[in-house]
Amino acid sequence: MADESLTVSTLEIITRGQAATNALGQALGHLAQPGDVLALSGDLGAGKTTLVQGIGAGLGVTEPITSPTFTLVGEYDGRLHLYHVDVYRLAAATPEALAFGLDELLGGDGLTVIEWADLVASILPADRLDVQFTWVDEQTRRLLLRAHGARHAALLHGLAQEVTP
């Protein structure tokens, strides 16, 4: 019998324009549960912050969500507390992320979304949802969502039901 904590599943989604990426984020926000961790990676300008803005809308966050590139962590109140983390500018990403307490945010009572998560991969929890952004053209993005663990596999399953006809 397979260990459910090692469950992995994937979903590929093509978005055309910021509105579509935002809508996908809203669906994720509606489905998110306390302790969820979303690990975003991909090219600069590929839509990571746009997705987080949609997640915030799906959580009922009313204040504007901006990239926390210089502040490292943006915190927002909604149905769940949203921790929006951006580790892009960290020179020694993992030690610096540990120094500001990223590990304390992971799996807590809110939703943690990390931009440039590949830079801190060694400290990410085993149970998480990876979202890899690929730039296709000016308006089109390919998102490969990969769930690790039973909880995030369930999240991905719920998302697939919401976004596929």
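**A close look**

Not counting residues up to four places away in sequence, Arg128 touches Val37, Ala39, Arg146, Ala147, His148 and His152; a contact here means heavy atoms within 4.5 Å. Before going on, bear in mind that this is a predicted model, so local features need pLDDT of at least 70 and side-chain atom pairs count only at pLDDT 80 or more, while totals for chains, interfaces and linings use all residues. Residues are numbered from 1 along each chain as its sequence is written, and side-chain values use heavy atoms, leaving out hydrogens and water.

Back to Arg128, which is found in strand β6. Strands (E, at least two residues) and helices (H or I, at least four) are DSSP runs, numbered from the N terminus. Arg128 counts as buried because its relative accessibility is 15%. The scale is simple: under 20% relative accessible area is buried, over 50% is exposed, and anything in between is partly exposed (1.4 Å probe, protein chains only). The side chain of Arg128 also has a polar contact of 2.8 Å with that of Asp130. That term covers a pair of N or O atoms within 3.5 Å; within protein, one must be able to donate a hydrogen and the other to accept it, and residues adjacent in sequence count only if both atoms are side-chain atoms.

Now for the strand itself. β6 (residues 128–135) pairs with β7 (residues 140–148) in the antiparallel sense, over eight bridges; two strands pair if DSSP finds at least two bridges between them. One of those links has Trp135 bridging to Arg141 in β7. Four residues sit between β6 and β7, and the two strands form a hairpin.

A polar contact of 2.8 Å joins the side chains of Ser41 and Gln132. If you leave out residues up to four places away in sequence, Ser41 touches Lys48, Asp118, Val131, Gln132 and Phe133.

Step back a bit and you meet the largest nonpolar core, with 31 residues; Leu38, Ile55, Leu82, Leu111, Leu129 and Leu159 have the most contacts inside it. Such a core is a set of buried Ala, Val, Leu, Ile, Met, Phe, Trp, Tyr and Cys residues joined through side-chain atoms within 4.5 Å. At least two residues of this core come from each of β1 (8–16), α1 (18–31), β2 (37–42), α2, β5 (111–115), β6, β7 and α5 (150–163). The biggest giver is α5, with five residues. Apart from this core lies another, of 13 residues, including Ala39, Val85, Val87 and Ala117.

That helix, α5, has His152, Ala153, Leu155, Leu156, Gly158, Leu159 and Ala160 buried. (The expected span is 1.5 Å times one less than the number of residues.) In α1, the buried residues are Thr21, Leu24, Gly25, Ala27, Leu28 and Gly29.

Strand β4 (residues 81–86) is mostly covered, with five of its six residues buried. β4 runs antiparallel to β3, joined by five bridges, and Val73 has Val85 in β4 as its bridge partner. β3 and β4 form a hairpin too, with three residues between them. β4 also runs parallel to β5 over five bridges, where Val85 partners Ile114.

How far can you trust all this? The protein chain has a mean pLDDT (the predictor's confidence in each residue, from 0 to 100) of 85, and 83% of its residues reach 70 or more. Residues 1–6 have pLDDT below 50, and beyond near neighbours in sequence this stretch has three contacts in the model. Where pLDDT is low, the predicted coordinates should not be read in detail.
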